[in-house]
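Please find below a short note on the model under review.

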Amino acid sequence: MRALSLLLVLGFLTVLSVASCVVIPLERAFPLNGRVELSQLVARDQLRHSRMLQGLVGGVVDFSVQGTSDPYLVGLYFTKVKLGSPPREFNVQIDTGSDILWVTCSSCTDCPQSSGLGIQLSLFDTTSSSSARMVPCSDPMCSSEYQTTATQCSQSNQCSYSFQYGDGSGTSGYYVADMLSFDAVMGQSSIANSSALIVFGCSTYQSGDLTKTDKAVDGIFGFGRGDLSVISQLSSRGITPRVFSHCLKGDGSGGGIMVLGAIMEPSIVYSPLVPSQPHYNLMLQSIAVNGQLLQIDPSVFATSSNRGTIVDSGTTLAYLVQEAYDPFVIAITATVSPSVTPTISKGNQCYLVAASVSQIFPLVSLNFASGASMMLKPEDYLIRSGFYDGATMWCIGFQKVQGGISILGDLVLKDKIFVYDLAHQRIGWANYDCSLSVNVSITSSKDFINEGQLSMSSSTKEMLFKLIPLSFITFLIQLLELVEFQFL
């Protein structure tokens with residue numbers, strides 16, 4: 001296993017030698033000229049949530065099932081990652097509700113061969129990557145303390161996994177250690193190639209919704225709180241800060257910015273994460289419509305095994321427990337009734353609007369612990385559902401939950417900077433035009449960014465040029481030639 005140890009050290013040296021930002025593209029998948037029924041979006045989210053809740057009580061990781069029925073206001077966000085030597089690109093969905101990065105293996109059976117999302121699917125072939133190594137069952141990461149999934153050992157001593165969901169869909173495969181490649185931005189115009197060794201899943205079998213070609217991508221990029229997430233792997237070795245950020249565009253062609261690091265914006269407010277939870281739980285305390293607090297018992301937001309408030313980029317809409325949903329809809333309707341025509345469409349509260357919703361509908365404030373408020377514009381809680389009798393029909397995008405967990409999905413997350421500061425156990429946010437450039441903090445290690453624009457303050461630029469002397473790297477490489485390392 002000496003070669004794997006050499007790769008690990010070289011990968012570590014590579015990322016240390018360039019304190020920088022790393023470019024990865026972030027896109028959004030949705031039908032450009034098709035309209036989707038709200039009921040289809042709800043069905044997709046309910047499928048995901050059944051898996052998420054099962055994961056809360058039964059230790060099953062919630063891998064999001066891809067949907068093609070996303071409206072043009074929100075959608076599936078995915079990025080390209082480069083794996084292996086030589087590096088190959090894979091389209092993977094950004095998902096803050098799961099932990100593991102996994103892609104489809106070339107040996108996968110019953111896996112999609114094409115995608116209705118207009119992307120070319122790729123298969124990972126371990127024999128085509130000179131740096132790929134199987135993870136043995138004796139490796140510590142294969143032990144139960146790192147796992148939230150069913151782990152098995154094959155006859156060939158490979159660390160394998162199997163995810164089975166309540167609806168019958170699932171995936172299984174084995175773990176691989178290989179290089180993650182990226183472009184290191186050393187300044188505003190200088191780019192260098194870099195890489196780091198990571199462990200990820202190679203899927204050899206998929207079933208259920210995961211096999212549908214109209215929903216297919218190459219895999220999932222989990223940004224959860226578990227030890228096997230890429231952010232946890234890299235930050236534990238000092239390669240990246242223990243923080244990541246995103247800014248998801250909600251209009252036009254979508255896309256946005258994904259950063260393994262902290263986006264800096266003066267208006268960002270932070271609220272603490274609820275400790276000892278598998279997902280990104282926040283302490284929602286109250287809701288205000290047009291500046292008026294709603295009469296909601298705060299206990300309905302309390303976190304327990306089956307209650308609380310979760311931030312989840314894999315969810316399309318947003319969900320409120322009934323005790324909060326009913327007064328929320330009543331307050332919205334009472335505020336706008338003089339200017340619009342309320343109506344019920346397929347069980348959803350909708351409104352026929354002849355003017356701009358921003359001129360008629362009120363601002364909504366979600367108030368969290370530590371005095372952090374999230375201001376929602378009308379477009380952050382409404383879905384445009386077409387036209388009727390010469391007016392535009394807008395429907396409440398929040399859905400009612402009969403008890404259980406409130407979930408803030410892409411409907412709420414779009415057009416905002418979100419910072420997941422795991423080092424300080426908090427989440428921050430600010431309304432932002434995600435087509436603009438962002439300021440990225442470079443205070444230690446390195447940050448990863450997408451093809452969105454990047455700007456840095458003069459006080460942080462100097463961090464980009466503190467390189468490890470080449471002679472020191474050469475010395476370590478020669479030392480490795482003399483010493484046998486055992487990969488643990």
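**Notes on selected residues**

1. Cys105 is part of strand E5 (residues 101–109); strands (E, at least two residues) and helices (H or I, at least four) are DSSP runs numbered from the N terminus. This is a predicted model, in which local features need pLDDT of at least 70 and side-chain atom pairs count only at pLDDT 80 or more, while totals for chains, interfaces and linings use all residues. Residues are numbered from 1 along each chain as its sequence is written, and side-chain values use heavy atoms, with hydrogens and water left out.

2. With a relative accessible area of 2%, Cys105 is buried (under 20% relative accessible area, 1.4 Å probe, protein chains only). Beyond its neighbours within four places in sequence, Cys105 is in contact (heavy atoms within 4.5 Å) with residues including Leu123, Tyr174 and Cys202. Gly173 is 68 residues away from Cys105 in sequence, with 8.2 Å between their C-alpha atoms.

3. The unreviewed UniProt entry annotates Asp95 and Asp312 as "active site"; such annotations may be inferred rather than shown by experiment, and positions follow the numbering used here.

4. Asp95 belongs to strand E4 (residues 88–95), whereas Asp312 sits in the loop between strand E19 (308–311) and strand E20 (318–321). Asp95 is buried at 0% relative accessible area, and Asp312 is buried at 0%.

Definitions and conventions:
Buried means under 20% relative accessible area, exposed over 50%, partly exposed in between (1.4 Å probe, protein chains only).
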